[in-house]
Amino acid sequence: MGKLFSKENCEVFSNPLNLNNPIAVQVLGICSALAVTSQLEPAIVMGLSVTVITAFSNVIISLIRKTIPNRIRIIVQLVVVAALVTIVSQVLKAFAYDVSVQLSVYVGLIITNCILMGRLEAFAMMNGPWESFLDGIGNGLGYALILVIVGFVRELLGFGTLLGFTIVPQFCYDNGYMNNGMMTMPAMSLIIVGCVIWAHRSINKEEK
Amino acid sequence: MNALRNYLDKIKPNFEEGGKLHAFQSLFDGLETFAFVPRTTSRVGSVNIHDAVDSKRLISFVIIALLPALFFGMYNVGYQNALAAGQLGQATFWGMFWYGFLAVLPKIIVSYVVGLGIEFTVAQWKHEEIQEGFLASGILIPMIVPVTTPLWMLAIAVAFSVILAKEIFGGTGMNIFNPALVTRAFLFFSYPSVMTGDSTVWVNQQSILGLGFTAPEAYTAATPLGEASADGFAGFDCQTITNAITGLIPGSVGETSVIAIALGALFLLWTGVASWKIMCSVFVGGGLMGWLMQALGLTQIEWWHHFVLGGFAFGAVFMATDPVTAARTECGKYVYGLLIGIVAVMVRVLNPGYPEGMMLAILLMNLFAPTIDYCVVERNISMRMKRATKK
């Protein structure tokens, strides 16, 4: 048990959350981060879906890594990811239909998410299943963290709500407050992701 | 002036390193160099060419050039208010002017306080000199928004543009986009209902401090350009065009009067601050495109009507010629200006969502200015290379 949560394994899990965050540091998976973050709920669902898919595809690839011929490894990885994406997409359609409509094609497009292929190629192909699982969870949650921050800011300022509940009180609107329409546009999420990266780098300046 | 100089020299040690007011050193430095040309000269060892006119003096020329349009804009605010209330007969010239003055002044103050506040903070934080670029932007911003824009929106937009369009690129002289136009674009896309349309945004309908009139019922006034866009560009009668030239039409504060803008343009050209190449080619590009659109039957508007409506003239004179964001090669300036004119008229005529295309055209060409310069320089290099290897 001690070995499962050794210091190295903890770092494998915690690094992607902060110091090696897939969005803020590696700048991967930006397209979906811009597309699905106009409200908090789809951002959370998207983050969780990517976490689940990254974790399990990492485990599966890591289990069969020694039997995959090197030349066709990308195809094998894609097949595994595609199967998992299809499962997640069907589950979403069955249990959270509204969100899956909001996410539209972006659930299917998780297949092309750079974070997934990056983790499979760079980590799962040369590490054991448990480390790969931690790495997948860590990277997925690191991605989800940024999505939630961006979705929080955009929904609060763009719609005045959080998870659909009204947050900005009515008397603010009566006194002339207005929701910021630009926050609901994809252009603004690019700017917010930029600001998040800016803040992240100024906080972690010394550690690099 | 001597008394001020002596006073500044006397209090200066307080702001030096170790003085008790060191935290305000950039503020002091900014005010001192604004009042007097700095005494320090370049250090020996590098080659520098100095103009007697430094950039603070240059920017004060821009502000002087903006004054006719600003004062006329204030008068027009009062005029539109009286017109809305149906009290044009009782209104006096000075009454209307002071009403407009009171309506516009808070916007100028907010724009300067927020913008300069951020600049001073950043300068003090980075131990740099205060950069003067915002002196011009700060007065441009209230002139390109409707008079009814709420002050808190203006403050957010100014902060957004100073931080994200200017300071993160390195401050004055490094920005890609014109900060005043970024402010307007932010307002335009964030709060479209108070920035555009035929609602009540263009005319201030409440009296201020007893001046002006309160309109009896909600008075809606569209800008002539907005009306034209709404009814498919049916063309204008003579009266509208005359009013558009003198400037007695609803619109953003400073953009309505072509005559006042022309005075500013003459001053800018006479002092050599703005490039005549950019200014002229914007009008040529807009005219050509306007003529083409009319010839193709897409619009009934005469080609030159585009110049007097909306922000075309204001943008061409004060925005497109911003030396930081415009193309810098002489040949590139023609291309840059032509494309601004062409894109502005295209957006106006072809895109029903945006009655005014000048802001989008200038921002778009700001983005392409470095590319234009690159192409001009590369062409020059290859031409000279050919000439050299021809023999």
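This is a predicted model: local features need pLDDT of at least 70, side-chain atom pairs count only at pLDDT 80 or more; totals for chains, interfaces and linings use all residues.
Modeller: Two residues are in contact if their C-beta atoms, placed from the backbone, lie within 7 Å.

Biologist: Which residues of α4(B) meet which residues of α6(B)?

Modeller: On the side of α4(B), the residues are B:Pro106, B:Lys107, B:Val110, B:Ser111, B:Val114, B:Gly115, B:Ile118 and B:Glu119. They meet B:Leu151, B:Leu154, B:Ala155, B:Val158, B:Ala159, B:Val162 and B:Ile163 of α6(B). By class, this contact of α4(B) with α6(B) holds 11 nonpolar, 2 polar and 2 charged residues.

Biologist: What describes the geometry of two packed helices?

Modeller: In general, one gives the angle between the axes and the distance between them. Here, helix α4 (residues 93-126) of chain B and helix α6 (residues 151-166) of chain B have axes that come within 9 Å and cross at roughly 30 degrees. The crossing in which α4(B) passes α6(B) is right-handed.

Biologist: At what angle do α3(A) and α4(A) pack?

Modeller: The angle between α3(A) and α4(A) is about 140 degrees, and their axes are 10 Å apart. This crossing, too, is right-handed: α3(A) passes α4(A) in that sense. From α3(A) the contact takes A:Ser49, A:Val52, A:Ile53, A:Phe56, A:Ser57, A:Ile60 and A:Ile61, and from α4(A) it takes A:Gln77, A:Val80, A:Val81, A:Leu84, A:Val85 and A:Val88. These residues of α3(A) and α4(A) divide into 10 nonpolar, 3 polar and no charged.

Biologist: Where do the buried residues of α7(A) fall when the helix is seen down its axis?

Modeller: The general idea concerns the helical repeat. An α-helix has 3.6 residues a turn, so residues three or four places apart point the same way. In helix α7 (residues 114-122) of chain A, the buried residues are A:Ile115, A:Leu116, A:Arg119 and A:Leu120. They fall within an arc of 125 degrees, so they line one face of α7(A). The partners against which these buried residues pack are α3 (40-63), α4 (73-95) and α8 (129-159) of chain A.

Biologist: Why is helix α14 of chain B described as largely enclosed by the rest of the structure?

Modeller: One counts the buried residues of the helix. In helix α14 (residues 312-319) of chain B, 8 of the 8 residues are buried, so the helix is largely enclosed by the rest of the structure. Among them are B:Phe312, B:Phe314, B:Phe318 and B:Met319.

Biologist: Does A:Met183 count as buried or exposed?

Modeller: A residue is buried if 20 or more other C-beta atoms lie within 10 Å of its own. A:Met183 counts as buried because it has 21 C-beta neighbours inside 10 Å. A:Met183 is placed in the loop between α9 (170-174) and α10 (186-203) of chain A. Leaving aside residues up to four places away in sequence, A:Met183 touches A:Arg154, A:Leu157, A:Gly158 and A:Met188. A:Met183 also lies 8.4 Å from A:Phe159, C-alpha to C-alpha, although the two are 24 residues apart in sequence.

Biologist: What is the value of phi for A:Val27?

Modeller: Phi of A:Val27 is near 50 degrees, which is positive in a residue other than glycine. A:Val27 belongs to the loop between α1 (7-14) and α2 (30-35) of chain A. With 13 other C-beta atoms within 10 Å, A:Val27 is partly exposed.

Biologist: How many helices and strands does chain A have?

Modeller: Chain A has 10 helices and 2 strands, following the pattern α-α-α-α-α-α-α-α-β-β-α-α along the sequence. The radius of gyration of chain A is 19 Å, close to the 17 Å that the globule rule gives for 208 residues, so chain A is as compact as a globular protein of that length. Its C-alpha trace spans about 65 × 45 × 35 Å along the principal axes. Of the 208 residues of chain A, 38% are buried.

Biologist: What does the secondary structure of chain B come to?

Modeller: Chain B comes to 16 helices and 0 strands. Buried residues are 46% of its 391 residues.

Biologist: How many residues of chain A are in contact with chain B?

Modeller: The contact joins 7 residues of chain A with 7 residues of chain B. On the side of chain A, these residues are 4 nonpolar, 3 polar and no charged.

Definitions and conventions:
Residues are numbered from 1 along each chain as its sequence is written. Chains are lettered from A and ligands numbered from 1 in the order in which they are written. Ala, Val, Leu, Ile, Met, Phe, Trp, Tyr, Cys and Pro count as nonpolar, Asp, Glu, Lys and Arg as charged, and the others, Gly among them, as polar. Axes are lines fitted to C-alpha atoms, for helices over the stretch in contact, and angles run from 0 to 180 degrees between N-to-C directions. Helices (H or I, at least four residues) and strands (E, at least two) are DSSP runs, numbered from the N terminus. A crossing is left-handed if the near helix is turned anticlockwise from the far one by less than a right angle, and right-handed if clockwise. A residue is buried if 20 or more other C-beta atoms lie within 10 Å of its own, exposed if 12 or fewer, and partly exposed in between; C-beta atoms are placed from the backbone. The radius of gyration is taken over C-alpha atoms; the globule rule is 2.2 Å times the number of residues to the power 0.38. The arc is that of the directions from the helix axis to the C-beta atoms.
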